[in-house]
Amino acid sequence: MTQSALVTGISGQDGAYLAKLLLGKGYEVYGLLPRRATDTLWRLRELGVERDVRLIDGDVTDLSSLIRAIEQSKAGEIYNLAAQSFVGTSWRQPLLTTQVSGVGAANVLEAVRLVSPTSRFYQASTSEMFGLVQAERQDESTPFYPRSPYGVAKLYAHWMTVNYRESFGLHASSGILFNHESPLRGIEFVTRKVTDAVARIKTGRQKELRLGNIDAQRDWGFAGDYVQAMWLMLQQANGDDYVIATGRTTTVRDMCSIAFSHVGLNYKDHVVLDPELLRPAEVDVLLGNPDKARQALGWTASTRLDQLITMMVDADMRRVDKA
Ligand code: NAP
Ligand code: G4F
């Protein structure tokens, strides 16, 4: 029998890669799509799967739409990727971030419990929950210390996932994913902001790139690798929590250097530090320990940062050439 999966956040970076992965495995893929005034399907289109996914009108802040989506899709696997996922915005819209990224996950868990308690559930948790890190390399037992309203909202969603697993026996897993990027990354995130600027500067469309804290360090991987880990978690006998990371960390400054030098430029000639872009509280460094995922899921990150960043610069060069 054909398996079906429901993905919230299907129009986002991970939603698009996950939809493509699941379709390739023969799933019927349903996506929860919130009503927006503009077209949000460009990522599914770029991956060539826009016509293959079945979209259901709904929103994670609206429980009844989630109940309808689970009934309609009859999904055996439910991936909750929906979020207000930009950390910077979470200080300016803390309550919306709480509703979407925190309470939204509780709504999905409730809908699963009420409608389809044997379905398997994935929660998109995040390394932002580690925030002010309490260990040099963060793993599943590292204490959390979120530093943004987004991190706090995600920590609530994480513990609700653990709680529904322990209280109701749901097959519920929390993937604590470290930063992952791709040519489909939103332009507001630092890697894509940099690779887009590199393409514009190289082709004379832009002169400078304004950045905030370039000494921040992140454990960056490729989104295409990370959605495989999501799927693997739901294939296990029981729900659990897993850190998904590369195990290497790099400064924003060094990531810029990789991006600019790929097209023969020096980042020092173009990057301008802008105090307006500093955050009220910063996560200085993230470095994940993915040993559990390697041992239990057989998962490892297969794309190096230089491969990822050059892939993103090349994609942005093609985009600006076409524009
Ligand atoms: P993204 O590109 O920002 O996608 C977020 C998705 O959520 C979009 O499809 C968005 O739709 C949707 N959404 C927003 N509000 C919604 C609502 N009220 N109801 C239903 N859908 C809603 O994020 P991503 O990078 O793919 O990340 C996927 C998930 O993983 C997110 O939960 C994120 O917080 C988490 N995560 C990401 C990373 C990372 O490095 N990428 C790391 C750890 C965890 P619209 O565009 O129409 O608003
Ligand atoms: O690319 P970022 O905005 O990603 P951030 O804040 O680490 O969050 C991303 O990863 C999380 C996982 O750890 C996800 F949960 C979350 O949804 C999102 O996908 O910023 C990365 C670093 C920060 O330290 C930031 O201060 O880059 C620094 N930075 C320096 N200048 C900048 C800029 N970030 C952005 N977005 N824009 C800048 O101009």
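Which polar backbone atom is 2.8 Å from an oxygen atom of ligand 1? That atom belongs to aspartate 14. Before going further, please note that this is a predicted model, in which local features need pLDDT of at least 70, side-chain atom pairs count only at pLDDT 80 or more, and totals for chains, interfaces and linings use all residues. Residues are numbered from 1 along each chain as its sequence is written, chains are lettered from A and ligands numbered from 1 in the order in which they are written, and side-chain values use heavy atoms, with hydrogens and water left out.

On its own, ligand 1 exposes 890 Å², and the protein buries 88% of that (areas come from the Shrake-Rupley method with a 1.4 Å probe).

Now look at the whole shell. Ligand 1 is surrounded by 25 residues, the closest being Ser11, Asp59, Ser85, Tyr150 and Lys154; a residue counts as near if one of its heavy atoms lies within 4 Å. Helix H1 (13–24), strand E5 (120–126) and helix H6 (149–168) each give two or more residues to this shell, and E5 gives the most, with three. Helices here are DSSP runs of H or I with at least four residues, and strands are runs of E with at least two, numbered from the N terminus.

Next, turn to ligand 2. Its surroundings comprise 24 residues, with Ser85, Thr126, Ser127, Arg279 and Glu282 the closest. A backbone N or O atom of serine 85 lies 2.6 Å from an oxygen atom of ligand 2, while an N or O atom in the side chain of arginine 185 is 2.8 Å from an oxygen atom of the ligand. A nitrogen atom of ligand 2 lies 2.8 Å from a backbone N or O atom of glycine 212. Of the 710 Å² of accessible area that ligand 2 has on its own, the protein covers 95%. Helix H7 (190–202) and strand E8 (209–211) are the elements that give two or more residues to this shell.

Terms used: Polar contact = N/O pair within 3.5 Å; in protein donor to acceptor, adjacent residues only side chain to side chain.
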